[in-house]
Amino acid sequence: MENQRLLLFAALVFVLFMLWQNWLGFQAIKHPPPAPPVATAPVGSTPGQPALIPGQDVPTAAPLANPGLQALGGGQRVRVTTDLFEAEIDTIGGDLRQVGLRTYPESIQQRDQPFLLLKDRGAEIFIAQSGLLARNNEPAPNHYAPFTADQSEYRLADGQDTLEVPLHWTDPSGLKVTKIYTFRRGSFLVELNQRVENGGAGDWQGSQYRQFQRTPPKTSNSYFGGGVVTYTGAVVSTPEQRYEKISFDNIAKKELNQTVKGGWIAMIQHYFLGAWIPGSGETDSFYTRVVGGNRYVVGMTGMEQTVPAGATGDFRTGLYIGPKLPSVLAETAPNLQLTVDYGMLTIIAEPLFWLLKAIHAIVGNWGWAIIFLTILIKLAFYKLSETSYRSMANMRRLAPELTRLKEMYGDDKQKMNEAMMGLYKKEKVNPLGGCLPILVQIPVFIALYWVLVESVQLRQAPFMLWIQDMAIPDPYYVLPLIMGVTMFVQQKLSPAPPDPIQAKVMMALPIVFTFMFLWFPAGLVLYWVVNNMLSIAQQYVITKRVESGADAAAVAKAKEEPGWFGKLLDQNRQKLVATIKKAWPAKKPDLNKRRK
């Protein structure tokens with residue numbers, strides 16, 4: 001009974017957790033966070049560091065030339081094609097306005113259409129911007145400045161490993177700025193260098209800024225109420241806090257203004273991210289703000305540099321645009337792999353993902369890798385599960401006697417509990433024997449759940465037959481229905497709760513979970529199906545052993561009593577008579593009629 005209560009509690013917590021996550025995602029879409037009022041007066045600055053003006057999308061040390069301009073605007077497009085990207089750079093500001101990932105198609109039906117991670121068209125906007133800031137009203141191009149391009153299209157040729165895309169800006173004072181994007185074969189890391197050539201008479205002092213602008217998603221990253229909901233929003237990393245989420249709602253409530261040495265900023269979503277990565281040991285000022293009421297900005301400004309007259313200065317930074325591949329992210333920047341968000345169970349999830357990837361390297365199929373990983377986990381916890389199932393089997397064996405005690409004592413709970421404890425002591429059964437093994441396994445299974453949710457490798461990964469994408473729901477709902485059946489079988493193998501209300505709730509859980517899992521990714525449902533099947537097999541074997549052992553123990557105990565053989569014969573005789581009476585017709589045939 002205690003095991004059933006524990007399972008019931010765990011199931012209800014899981015359902016409520018999923019509903020709560022989905023409700024939060026729905027509320028974020030239906031009621032976007034309000035934008036704070038726009039400030040018009042610049043805040044104070046500290047020496048050697050640019051000040052920020054809240055409410056503007058350009059962090060400047062002096063008022064903007066056109067502070068009311070908040071539309072994205074646009075000029076000519078420079079198209080860039082590499083082995084990984086199909087990108088578009090706008091000559092206004094030199095913004096990276098559109099990036100499609102060629103190795104990650106939009107869908108299995110659109111294999112030739114790259115997934116658009118950065119985009120400036122449609123309902124959702126996500127772009128990468130950069131620019132320069134200058135002191136003393138000196139000229140500097142921000143992301144509204146018009147640049148010129150040498151050509152309108154660049155392509156990484158066969159045999160070419162590096163592709164540079166330069167954009168030019170010139171001021172009448174003699175200051176020239178060349179914004180150079182460098183793309184490398186096989187790399188999702190784009191290098192940006194804002195090169196300042198000071199052709200003026202005096203020194204030029206300034207710094208660079210880099211930022212993302214994004215609108216909240218119009219659709220939730222979930223498959224249904226109770227489905228998977230993942231985080232979309234800003235993330236910053238500092239030496240003090242390796243991974244910190246800053247939601248759109250938090251950006252609207254309070255703007256960030258923090259000086260950081262090292263670290264990075266990012267905008268992440270399910271499976272993909274964009275991250276600005278400064279040079280090692282660089283000091284930057286991290287900031288967030290809201291622009292125009294519906295666009296959210298996270299960015300960083302660097303420390304000032306001095307470019308003497310006649311000299312050249314470089315402002316370098318890295319821009320990662322691509323999938324959440326843990327090994328690639330770990331090599332790109334410290335702690336960037338944490339954007340593959342496993343939550344509080346990262347310490348368990350990371351080894352599980354490593355094992356899943358190792359199995360995939362052998363079998364070559366992510367579906368079979370999930371199956372074999374689930375089997376290995378069940379083997380690792382075999383003894384713990386055996387203890388739990390043995391306790392359940394003993395409780396099931398005592399179920400008729402517990403029901404009899406309940407009928408005997410009625411509402412007298414004290415006497416009923418005393419009788420139950422006496423029965424447990426007599427039969428040497430611990431009603432809590434199955435609780436600890438279940439509790440120990442829960443963190444591992446939750447960690448594996450998030451591994452399967454966060455693994456971009458499962459996106460558009462085929463399994464077999466009709467399942468051609470492990471990251472979307474089963475199109476024919478076969479796996480969720482099988483999972484519901486396995487849950488029902490598990491319940492039949494477990495002792496029924498004495499409380500009729502608990503029994504009804506437990507009987508309803510397979511239906512509730514089946515309905516929820518209809519919209520879960522196929523990879524997750526496959527994991528649950530395999531886990532349930534293995535649990536059923538193990539529980540069935542252990543239950544049969546316990547029941548046969550109990551029968552053998554009863555016979556052995558009977559043999560110790562005087563006249564045990566006669567009693568055994570008498571019991572068998574009674575069973576034989578009862579069987580004959582049941583099989584014999586109630587109305588005896590008329591033998592006289594047969595003689596005639």
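Select Asp314 and Arg316 to begin: the two residues form a salt bridge, with their closest N and O atoms 3.5 Å apart. A salt bridge here is a side-chain nitrogen of Lys or Arg within 4 Å of a carboxyl oxygen of Asp or Glu. Asp314 has a relative accessibility of 30% and therefore counts as partly exposed; the classes are buried under 20% relative accessible area, exposed over 50%, and partly exposed in between (1.4 Å probe, protein chains only).

The model is predicted, so local features need pLDDT of at least 70 and side-chain atom pairs count only at pLDDT 80 or more, while totals for chains, interfaces and linings use all residues. Residues are numbered from 1 along each chain as its sequence is written, and side-chain values use heavy atoms, with hydrogens and water left out.

**The salt-bridge network**

By the rule above, the count comes to 20 salt bridges. Next select Arg77 and Glu88, whose salt bridge brings the closest N and O atoms to 2.8 Å. This pair links distant parts of the chain, 11 residues apart: Arg77 belongs to strand 1 (residues 77-81) and Glu88 to strand 2 (residues 85-90). Strands (E, at least two residues) and helices (H or I, at least four) are DSSP runs, numbered from the N terminus. Arg77 and Glu88 are both buried.

Glu88 counts as buried because its relative accessibility is 9%, whereas Arg79, with a relative accessible area of 42%, is partly exposed. Extend the view to Asp90, Asp95, Arg97, Asp120 and Arg121; these residues are linked with Arg77, Arg79 and Glu88 in a network of salt bridges.

**A buried aspartate**

Move to Asp284 in strand 17 (residues 283-291). Its relative accessibility is 1%, so Asp284 counts as buried. Show Met303 as well: the C-alpha atoms of Asp284 and Met303 are separated by 6.2 Å, although the two residues are 19 residues apart along the chain.

**Two residues with positive phi**

Asn137 is to be found in the loop between strand 5 (126-134) and strand 6 (148-149). Asn137 is not a glycine, yet has a positive phi of about 60°. With 70% relative accessibility, Asn137 counts as exposed.

Then select Tyr477, in the loop between helix 9 and helix 10. Tyr477 likewise has a positive phi of about 60° without being a glycine, and at 35% relative accessibility Tyr477 counts as partly exposed.

**The nonpolar patch**

Trp466 lies in the loop between helix 9 (435-454) and helix 10 (478-493), and counts as partly exposed at 30% relative accessibility. Select Trp466 together with Ile362, Val363, Trp368, Phe372, Met464, Leu465 and Tyr476: these residues form a nonpolar patch on the surface, with about 850 Å² of accessible area together. Helix 4 (346-363) and helix 5 (366-380) are the elements that give two or more residues to the patch.

**The cavity**

Which residues lie nearest the centre of the largest cavity? Select Tyr271, Leu452, Val453, Pro521 and Leu524, which lie nearest among the 10 residues of its lining. By class, the lining has 9 nonpolar, 1 polar and no charged residues.

Notes: Patches are made of residues with over 30% relative accessible area and no salt bridge: like charges are joined within 9 Å, nonpolar side chains (Val, Leu, Ile, Met, Phe, Trp, Tyr) within 5 Å. Accessible areas come from the Shrake-Rupley method with a 1.4 Å probe; for residues, only the protein chains shown count as cover. On a 1 Å grid over the protein atoms alone, a cavity is a set of points where a 1.4 Å probe fits but cannot get out, and a pocket is an open set with protein on both sides within 12 Å along at least five of seven lines; lining residues have an atom within 4 Å of a point. Ala, Val, Leu, Ile, Met, Phe, Trp, Tyr, Cys and Pro count as nonpolar, Asp, Glu, Lys and Arg as charged, and the others, Gly among them, as polar.
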